[in-house]
Amino acid sequence: MPKIGNIILPEHPLLLAPMEDVSDPPFRRLCKMHGADLMYSEFISSEGLIRDAMKSKMKLDIFDYERPVGIQIFGGDEEAMEMSAKIVDTVQPDLVDINFGCPVKKVVCKGAGAGVLKDVDLMIRLTKAVIKGTSLPVTVKTRLGWDESSINIDEVAERLQDIGVQALTVHARTRAQMYKGHSDWTHIERIKNNPRISMPIFGNGDIDSAEKALEYKNRFGLDGMMIGRAAIGYPWIFNEIKHFFKTGEKLAPPTVADRVEAAQNHLIWSMEWKGERVGIVEMRRHYTNYFKGIHGFKEYKQKLVTTDGHNELFEIFNQIREVYANYEHQV
Ligand SMILES: Cc1cc2nc3c(=O)[nH]c(=O)nc-3n(C[C@H](O)[C@H](O)[C@H](O)COP(=O)(O)O)c2cc1C
């Protein structure tokens with residue numbers, strides 16, 4: 001069973017990916033409820049944290065029911081990374097994760113995110129700074145390399161482990177690929193098979209079904225896998241995969257009533273966390289995902305994204321439950 005510091009994870013754990021504007025406490029709670037074993041926060045700018053920026057600070061909120069949970073930070077300045085690790089330390093998540101994988105230009109330009117794949121010495125210095133700033137286990141999430149011709153994850157993994165990083169998650173794409181093309185997990189398999197590597201190695205990229213998860217588990221023999229996009233609007237993916245690992249059988253897909261319950265819980269927890277108005281507005285971007293592929297749903301979606309009061313929203317949820325009560329078989 002993989003260990004990260006004192007955190008003992010189940011065999012082949014399923015990790016919820018850090019996702020900006022998605023992996024907030026309400027969503028993490030939902031994923032935990034549906035079987036995710038380790039949660040990551042949205043990435044937080046080290047400089048934002050130091051400036052005391054409200055948006056960054058709010059991302060530090062963690063709750064006991066979602067543990068184990070990691071807070072992810074990014075930045076290209078050693079001092080800022082050390083200071084922000086100290087700030088993260090005060091809220092005592094279970095681990096601190098460093099984002100060395102973000103491909104977005106405005107992050108990369110500052111020598112942060114995937115930018116450091118071009119400068120591994122800088123990556124090591126930034127990591128050392130974080131380790132210095134916290135007493136918590138430090139993990140890293142990164143990509144295979146800058147581009148196809150400069151894949152350097154083998155060197156990166158060894159050097160990160162040597163300075164005390166306790167687990168590595170690799171999104172099996174290069175920075176140049178952004179989110180396009182295929183993820184190539186054979187590179188992660190090679191790291192796992194490196195006799196010098198003993199820290200847990202988690203694979204990430206394109207896991208979107210129980211069948212694919214089992215195939216990749218058997219094929220690549222990693223310590224676990226991280227799931228991002230497939231969990232958006234579909235937190236059931238975690239338990240579906242676990243059940244498939246255990247029995248080789250597929251769970252029945254969620255009914256419309258299950259989807260309503262998940263969306264409603266998501267809304268309630270968002271309102272609790274962010275306040276009613278912001279919770280309702282921010283939840284609007286999620287409804288399409290919860291009800292993807294449901295015939296004739298447009299009319300209800302329109303109502304959900306234009307209604308302001310929570311009682312009115314609950315009423316719409318009830319209508320959806322009633323109208324789609326016998327719809328299960330067609331989903
Ligand atoms: C909306 C969105 C936001 C993301 N934000 C982050 C982030 O804050 N930190 C991070 O390390 N990766 C982030 N990612 C990348 C994911 O964590 C993950 O590596 C990527 O989506 C590939 O996994 P998947 O195919 O399971 O989605 C984000 C991805 C998406 C789609």
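Student: Which residues does the UniProt annotation "binding site" cover?

Tutor: Gln72, Lys141, His171, Gly228 and Arg229, according to the unreviewed UniProt entry. UniProt positions are given in the numbering used here, feature names are shortened, and annotations may be inferred rather than shown by experiment. Residues are numbered from 1 along each chain as its sequence is written. Keep in mind that this is a predicted model: local features need pLDDT of at least 70, side-chain atom pairs count only at pLDDT 80 or more, and totals for chains, interfaces and linings use all residues.

Student: What makes Lys141 count as buried?

Tutor: Buried takes 20 or more other C-beta atoms within 10 Å of the residue's own (12 or fewer is exposed, in between is partly exposed, with C-beta atoms placed from the backbone). Lys141 has 26 such neighbours inside 10 Å, so it counts as buried.

Student: And why is His171 called buried?

Tutor: His171 also has 26 C-beta neighbours inside 10 Å, so buried is the label.

Student: Where are Lys141 and His171 placed?

Tutor: Lys141 is in strand β7 (residues 138-143), and His171 is in strand β8 (residues 168-171). Strands here are DSSP runs of E, at least two residues, numbered from the N terminus.

Student: What does Lys141 touch?

Tutor: Contact means C-beta atoms, placed from the backbone, within 7 Å. Leaving out residues up to four places away in sequence, Lys141 touches Pro18, Asp97, Asn99, Phe100, Gly101 and Thr169. With that same exclusion, the contacts of His171 are Gly101, Arg143, Ser183, Asn204 and Gly205.

Student: Which residues come nearest to the ligand?

Tutor: Ala17, Met19, Phe43, Gly228 and Arg229, out of 21 around it. A residue is near if its C-beta atom, placed from the backbone, lies within 6 Å of the molecule. By class, the shell has 9 nonpolar, 7 polar and 5 charged residues. Ala, Val, Leu, Ile, Met, Phe, Trp, Tyr, Cys and Pro count as nonpolar, Asp, Glu, Lys and Arg as charged, and the others, Gly among them, as polar.

Student: How is the chain divided?

Tutor: Into domain 1 (3-247) and domain 2 (256-330), with bounds from an automatic or database domain assignment. Their contact takes 8 residues from domain 1 and 10 residues from domain 2. On the domain 1 side, that's 6 nonpolar, 1 polar and 1 charged. The C-alpha centres of the two domains lie 30 Å apart.

Definitions and conventions:
Contact = placed C-beta atoms within 7 Å. Helix = DSSP H or I, 4+ residues; strand = E, 2+ residues; numbered from the N terminus.
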